[in-house]
Amino acid sequence: MLNVNKKGSLRSSFSPVRVPDGYYMALGDNRDNSSDSRAIGFVPRDEIVGRTKRVVLSFNYDNYYIPRSDRFFKPL
């Protein structure tokens, strides 16, 4: 019997990819629930408009989206 927990989800690993010039690969911090470059593709450089330095809001998806105030304004 296959132990799914040891193997991980389909998004927990992927083959090497080559990111085209002028594009970025965006990865979310919640691997199984992030709509990142593994789902939507590479992000064109001209669509990136800022730089993130701190967490503004953080919600616990597993607990009715209750805010995680201990993460507010923490540096990345």
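Arginine 38 counts as partly exposed at 23% relative accessibility, where buried means under 20% relative accessible area, exposed over 50% and partly exposed in between (1.4 Å probe, protein chains only). Before we go on, please keep in mind that this is a predicted model, in which local features need pLDDT of at least 70 and side-chain atom pairs count only at pLDDT 80 or more, while totals for chains, interfaces and linings use all residues. Residues are numbered from 1 along each chain as its sequence is written, and side-chain values use heavy atoms, with hydrogens and water left out.

What does arginine 38 form a salt bridge with? The partner is aspartate 36, and the closest N and O atoms are 2.4 Å apart. A salt bridge here is a side-chain nitrogen of Lys or Arg within 4 Å of a carboxyl oxygen of Asp or Glu, and the count by this rule comes to one. Side chains of opposite charge can pair when their charged atoms come close.

Aspartate 36 sits in the loop between β1 (23-24) and α2 (37-40); helices (H or I, at least four residues) and strands (E, at least two) are DSSP runs, numbered from the N terminus. Its C-alpha atom is separated by 8.1 Å from that of methionine 25, 11 residues apart along the chain. Serine 58 is also a loop residue, placed between β2 (43-44) and β3 (59-60). The table sets out both residues, with contact meaning heavy atoms within 4.5 Å and neighbours within four places in sequence left aside.

Now to the aromatic rings. Rings of Phe, Tyr and Trp (its six-membered ring) pair if their centres lie within 6.5 Å, and planes under 30 degrees apart count as stacked, over 60 as edge-to-face and the rest as tilted. By this rule there is one aromatic pair. Tyrosine 61 and tyrosine 65 have ring centres 5.3 Å apart and planes at 90 degrees, so the pair is edge-to-face. Both tyrosine 61 and tyrosine 65 are exposed.

Finally, the largest pocket is lined by 21 residues, and Asp29, Asn30, Ser34, Val55 and Leu76 lie nearest its centre. A pocket is an open set of points on a 1 Å grid over the protein atoms alone where a 1.4 Å probe fits, with protein on both sides within 12 Å along at least five of seven lines; lining residues have an atom within 4 Å of a point. The lining of the largest pocket divides into 10 nonpolar, six polar and five charged residues, with Ala, Val, Leu, Ile, Met, Phe, Trp, Tyr, Cys and Pro counted as nonpolar, Asp, Glu, Lys and Arg as charged, and the others, Gly among them, as polar.
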